[in-house]
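Subject: The two-chain model, handed over

Hi,

Here is the structure I promised to pass on to you. Have a look at it first, and then read on for what turned up in it.

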Amino acid sequence: MKRDLRQRVFRLGPFVGLVLVIVFFAVASGAPERYLSAHNLRVVLAQTVIVAVGAIGMTLVIVAGGIDLSVGSVIALTGVVCALGLRDGWSPVLAVLSAVAVGALVGLVSALAITRLQVVPFIATLGMLGIARGAAKWLAHQSMVDTPASWVNELAVTVPPAPWMVFAPGVWIALTLALVMAFVLRRTVFGRRVFALGSNEAAARACGIAVERLKLAIYSVAGLFFGLAGVMQMSRLRQGDPTVAIGTELDVIAAVVIGGGSLSGGEGSIMGSMIGALVMAFLRNGSQQMGWPTYVQEILIGVIIVAAVAVDRWRHVQGGDE
Amino acid sequence: MTPALRLLGIDKRFGATVALDGAALEVAPGEVHALLGENGAGKSTLLGILGGLLRPEGGRMEIEGSPYAPRSPREARDRGIALIHQELSLFPHLSVAENVLVGSEPSRRGLVDLVEARRRTRDVLAEFGHPEIDPETRVGQLPIAARQVVEICRAIAGRARVVLMDEPTSSLQRADVERLFALIRRLSASGVAVVYISHFLEEAREVAGACTVLRDGRTVATGPLASLTNEDLIAHMVGRSVDTRFPDRASPTAGEAEIEVRGLVSSPAVREASFTLHRGEVLGVFGLMGSGRTEMLRALFGLDEADAGTVRRGKREGPARSTPARRLAEGLGYLSEDRKGEGLALPLSVADNVTLTRFSSASSRLGVIDPRRQHAQAAERAEELQVKMRGPEQPVRTLSGGNQQKVALARLLHQEADVLLLDEPTRGIDVASKAQIYDAIGAAAAAGKAVLMVSSYLPELLGVCDRLAVMSRGRLGAARPVAEWTPDSVMEAAIGT
């Protein structure tokens with residue numbers, strides 16, 4: 001009973017961290033009404049959308065015991081695909097869907113390398129990081145792809161097109177998808193098998209789970225989210241930029257890890273990852289408001305990542321796990 | 001009556017090692033069938049083939065008269081075969097219910113039916129006499145014995161027609177063993193056939209009606225257990241023709257005591273071990289899997305934590321708890337039973353592997369290694385042990401198992417350790433390499449080294465050692481001269497009837 005309570009408190013860890021970050025900057029900035037204003041909240045949330053959508057897919061991969069390093073490149077590639085479609089006069093829906101489909105395709109190819117060629121996920125997706133980036137530059141002829149105005153450009157803006165929306169449409173899309181995927185991971189057979197795979201792959205195979213097919217599904221579904229993140233990225237820039245989002249995969253992985261995901265698999269939650277993404281966004285935003293140089297943010301985020309994982313390990317020891 | 005399960009002429013090799021050589025097994029519906037044999041006789045391989053984890057090279061299998069050739073564990077399960085593994089194969093991060101039902105989760109349109117999952121798990125747990133286990137608990141938080149209960153419940157929940165159990169009692173308390181036996185009887189009464197591997201004959205007699213004895217991958221005896229005495233069974237298990245050459249050991253003149261171990265305890269595997277090892281002697285330790293033989297060596301070498309005990313070297317006496325670095329400095333050398341996992345650095349060269357524990361022999365005072373000296377030293381050791389290799393720069397990974405093992409032993413010799421702790425020095429290697437390793441062990445003893453050799457292969461212990469002690473259920477018995485032991489008396493001590 002006591003342990004249960006303690007576990008529950010610990011599980012709130014990332015959320016407590018988020019509150020601490022917000023309170024700290026609200027006080028430290030000396031102007032809490034500005035830091036906590038609706039406008040600033042819009043700024044932070046709109047900035048978080050790309051990492052948050054990516055982190056939904058990454059949670060799936062990391063819980064299954066894998067990793068995907070190609071996210072930043074996939075965001076650039078799918079952003080370019082979406083922009084090219086819009087420029088060539090495709091309907092916005094078709095352009096967005098093809099970007100998302102390209103994301104899934106890239107994930108499927110990585111997973112084929114992992115399952116059929118027996119390349120470890122780190123290397124397979126490291127290779128894909130280069131391939132997707134190169135493909136993006138190739139498609140875009142190494143330059144920006146300008147897009148005509150459409151609703152796609154309004155997805156991740158700071159101030160939503162209609163006041164009743166309160167936040168950018170992308171924020172609501174990310175929130176909805178996060179809720180859906182949290183449910184999928186927790187309650188569906190697919191989701192529980194993702195956890196089983198990450199928890200003990202050999203046992204999963206012995207229990208009759210088709211491990212290879214499951215991996216193909218996981219990386220493809222994650223790719224859908226990376227593709228959507230690419231659309232969000234394009235929406236923010238209002239053009240397709242093949243050189244954008246370099247290193248974003250590390251932010252996405254950090255969000256999952258801060259939210260309680262374990263790189264050895266079997267652990268992680270969508271809501272935790274969302275909080276992880278918000279922690280980093282509020283930290284960045286707060287540092288900017290304080291007028292701190294960017295190197296301070298970088299150091300702080302580095303410290304937070306290590307501290308979050310250290311606290312997580314400690315929680316395991318305390319909770320009597322393993 | 002059609003047998004529930006029939007296997008004929010099953011062959012299986014792992015590289016050069018023949019694991020099964022025409023093994024046969026026949027189990028009637030509702031029968032509890034004990035599968036007996038020494039370590040390495042092929043019991044686990046046979047169950048692995050039945051469970052779809054391994055594929056045989058030859059032979060025929062039938063379930064209830066129809067041909068059976070599973071290509072995956074899934075197919076085995078679909079045909080009604082449930083395998084309970086020797087090593088626990090659970091999902092520590094998932095709940096008990098999820099572990100029990102994984103692979104066959106109750107669901108509607110992809111959604112797990114949590115209420116149904118909980119109900120089914122609770123039913124199975126209650127049936128097994130463990131209603132106190134909460135289906136919601138994460139398995140990682142359960143004690144080991146409870147985890148095995150979960151594992152067994154998984155097999156039952158799968159509605160199997162044949163349940164295969166590989167040493168299911170090795171981590172259970174006596175009360176849990178009773179419950180397991182009651183459950184096995186209930187399974188059997190409902191027509192489910194159970195194949196049961198155990199090292200303990202008394203246990204087998206308690207629960208099984210029939211038995212099959214495997215030796216060297218062949219079926220050497222089968223029939224009702226009641227018709228065979230323990231002596232018969234042991235004779236079948238060990239009665240091999242010794243076809244290996246052992247070195248002629250000049251009867252050793254017992255040297256001074258090199259190392260004295262008193263009251264070594266390393267929970268939970270080692271409950272009490274005391275022995276004296278003399279210079280120029282080979283002391284053998286026999287034990288079955290799970291007897292604590294490996295853990296005793298590991299604790300002595302500082303790889304596992306020793307909870308109690310003392311170690312005396314000459315006049316100096318110290319606590320048994322130590323670290324590998326300290327033990328190395330004290331002149332102990334350790335050969336791991338797990339050659340690939342912790343014995344060798346596989347991608348590195350023979351030269352690096354041989355000189356790893358004593359780089360100083362080939363390096364300057366500043367720690368710069370002279371590759372020529374290093375290679376020459378390694379080549380010399382390798383030649384002593386007749387390692388077949390292109391040269392000392394060859395990666396160890398590319399050598400055969402027998403040659404890899406010789407490289408591991410060469411490291412100990414290069415280290416110039418006074419005490420050699422050898423854990424299964426000939427596991428999984430060919431006969432010729434075995435003989436060379438026996439020669440090297442004999443030569444080391446003749447040169448005044450003290451050798452402790454742990455093995456589960458009795459003939460080699462009887463052939464190589466001067467004295468022999470038997471470890472059973474965590475306790476090391478008294479060491480006696482090899483001449484005073486017979487294969488049967490060793491087995492009896494190991495089985496601990």
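Chain B is divided into two domains, with domain 1 covering 5–238 and domain 2 covering 257–495. Please keep in mind throughout that this is a predicted model. The C-alpha centres of domain 1 and domain 2 of chain B are 34 Å apart, and the contact between the two takes 14 residues from each of them. On the domain 1 side of chain B, helix α8 (residues 230–238) gives the largest share, 5 residues. By class, that side of domain 1 has 7 nonpolar, 6 polar and 1 charged residues.

The largest nonpolar core has 248 residues, and L164(B), Y196(B), L421(B) and V451(B) touch the most other members. Its largest share, 15 residues, comes from chain A, namely from helix α4 (residues 38–63). Chain B takes part too, as the core draws at least three residues from each of its domain 1 and domain 2.

Now to where the chains meet. In chain B, 21 residues are in contact with 21 residues of chain A. Two elements of chain B, α2 (73–78) and β8 (111–112), each give two or more residues to the side that touches chain A, and α2(B) has the largest share with 3 residues. That side of chain B divides into 9 nonpolar, 8 polar and 4 charged residues. For a view from chain A, take G208(A), in the loop between α10 (201–206) and α11 (211–237) of that chain. Neighbours within four places in sequence aside, G208(A) is in contact with P73(B), R74(B), R77(B) and G103(B). G208(A) counts as partly exposed because 19 other C-beta atoms lie within 10 Å.

Which residues of α4(B) are buried? They are A117(B), R120(B), T121(B), V124(B) and L125(B). Just after the helix comes G129(B), with a positive phi of about 80°.

- S267(B) and P268(B) are joined by a cis peptide bond, with omega about -5°. P268(B) is placed in the loop between β13 (257–266) and β14 (270–278) of chain B.
- Q118(A), a residue other than glycine, has a positive phi, near 60°. Q118(A) lies in the loop between α6 (92–115) and α7 (121–139) of chain A, and is exposed because it has 8 other C-beta atoms within 10 Å.
- D216(B), also a residue other than glycine, has a positive phi near 50°. The loop between β11 (210–215) and β12 (218–224) of chain B holds D216(B), which is partly exposed, with 17 other C-beta atoms within 10 Å.

Enjoy looking around, and write back whenever you like.

Best wishes

Technical notes:
Residues numbered from 1 in each chain as written. Chains lettered and ligands numbered in written order. Predicted model: local features only at pLDDT ≥ 70, side-chain atom pairs only at ≥ 80, totals over all residues. Domains from an automatic or database assignment. Contact = placed C-beta atoms within 7 Å. Helix = DSSP H or I, 4+ residues; strand = E, 2+ residues; numbered from the N terminus. Nonpolar A, V, L, I, M, F, W, Y, C, P; charged D, E, K, R; others polar. Buried ≥ 20, exposed ≤ 12 C-beta atoms within 10 Å, placed from the backbone. Core = buried A, V, L, I, M, F, W, Y, C linked by C-beta atoms within 7 Å.
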